[in-house]
Amino acid sequence: MPLGDGEVARRRGQHNSGATSLGGTRGEPHEDGTAPGGSRMEVTAEEPQLGPALGGGDAAAGWGEDAGGGLQPAGMEPEQFGVLGGEESLMAELSERVQKVVKSSSWWERHGVDASILACSLLALPAGFLCLRSARAVPFLAGILILGVVHHTLSVKGSHLASHNALSESKSWGKVWAVFFIELCSAFTAEQATYNHVKLHHGYTNVIGLGDSSTWKLPFLNRYVYMFVAPLAVPIITPLVALGLLRNVGLKVAARTVCCMSLGLYCHYWLLLHASAFQSPWSALLCMLLTRSLLAHPYIHVNIFQHIGLPMFAADRKPKRIHLMSLGVLNLPRNALLDWAFGHSLISCHVEHHLFPGLSDNMCLKIKPVVSQYLKEKKLPYNEDTYGARLRLFLRQYEELMVHAPPITELVGIQ
């Protein structure tokens, strides 16, 4: 894997801790701090944002808001971590190029396209529920498909954009959208979703024990059960995990989360009974499970394909941001269904998303040529692979990738 200037990547040994199970660990605070609502949090994080001015870096003390309402680190010391500081000329140069694209883009390109996709999904809900009233197979299956795609568009694409405050330039509206998409539509907790995804996963991408994606691992399951059966349980596991994480937040936040989660689930159930005319509560619950797990397989697969199996780093030996993201993130090819339901930033523009996480899906797609050209120009990795190739790799090397702890990579000459 070329790094340029004679830099060498090497791996040393195996990380000495076992794989972390998803059950009971997703969102658990790291050992050196507590999650939101707790007494303290001392981990640092990296997530530069593109607002009116570019900036970013490892945060020595907490997070703040940029002028555009996006999440960004506070208390940054460029000389400490070299993110967009004078010593990180590569990231600064790339950020300048991306900023030019962002400044030349209209509101429609920055927010409107993705907002329209989410609005169309909401408007498609009545058609989905009404199709389920039919006794004929084709309209009924169409209703299942519509509700399944709509659910994943709102719960995956909407929640992901909301967690990064990429739906609006208003901080207040950003919080509203986070509660709506993450809690009401996804049956999860907004605070913990933001903490785990934005501050840990993005702040410490592929760093062992922090953002290494180990919470997706269930080492007690064999490869075929994990890859093809376990995803069907995602709609059941998600609210249960969320309830377990509420001990890390305040009482008011916990009460709001429980109310929003309950409201979202009950509305779905009520509409199936009354709008879709289901005769049995059990048939309505089964339909809920079916629609909410319709795209659960690619959801699980995408989340493991794009990080696990790529270089992992120790917290005290992680490289600069641009090297970390170019080495530890992978893009999949464009796919019409997944692009719509999950968003470009989770599929074909994942590298771009990790470098500039405050941008919307449409903007990640727009800056993709700029980022890919720049990384290739500087002889930095730009990882791409097909869905099928990654699936075959994980089935073939499941024990190595999903059961055993990953080897730690060291980059010689760029630390």
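**Exercise 1.** Determine at which residue H3 bends, and which proline follows within four residues.

*Solution.* H3 bends by about 30° at Ala124, and Pro126 is the proline that follows within four residues. The bend at a residue is the angle between axes fitted to the seven residues ending there and the seven starting there. Helices (H or I, at least four residues) are DSSP runs, numbered from the N terminus. The model is predicted: local features need pLDDT of at least 70, side-chain atom pairs count only at pLDDT 80 or more, and totals for chains, interfaces and linings use all residues. Residues are numbered from 1 along each chain as its sequence is written, and side-chain values use heavy atoms, with hydrogens and water left out.

**Exercise 2.** State how far H3 reaches from its first C-alpha to its last, and what span is expected.

*Solution.* Step 1: H3 covers residues 107-131, which is 25 residues.

**Exercise 3.** Identify the residues of H5 and H9 that make their contact, and classify them.

*Solution.* Step 1: the two helices pack at an angle of about 65°, with their axes 7 Å apart. Axes are lines fitted to C-alpha atoms over the stretch in contact, and angles run from 0 to 180 degrees between N-to-C directions. Step 2: H5 contributes Val179, Glu183 and Leu184, while H9 contributes Arg256, Thr257, Cys260, Met261, Leu263 and Gly264; contact means heavy atoms within 4.5 Å. Step 3: these residues divide into five nonpolar, two polar and two charged. Ala, Val, Leu, Ile, Met, Phe, Trp, Tyr, Cys and Pro count as nonpolar, Asp, Glu, Lys and Arg as charged, and the others, Gly among them, as polar.

Methods:
The expected span of a helix is 1.5 Å times one less than its number of residues.
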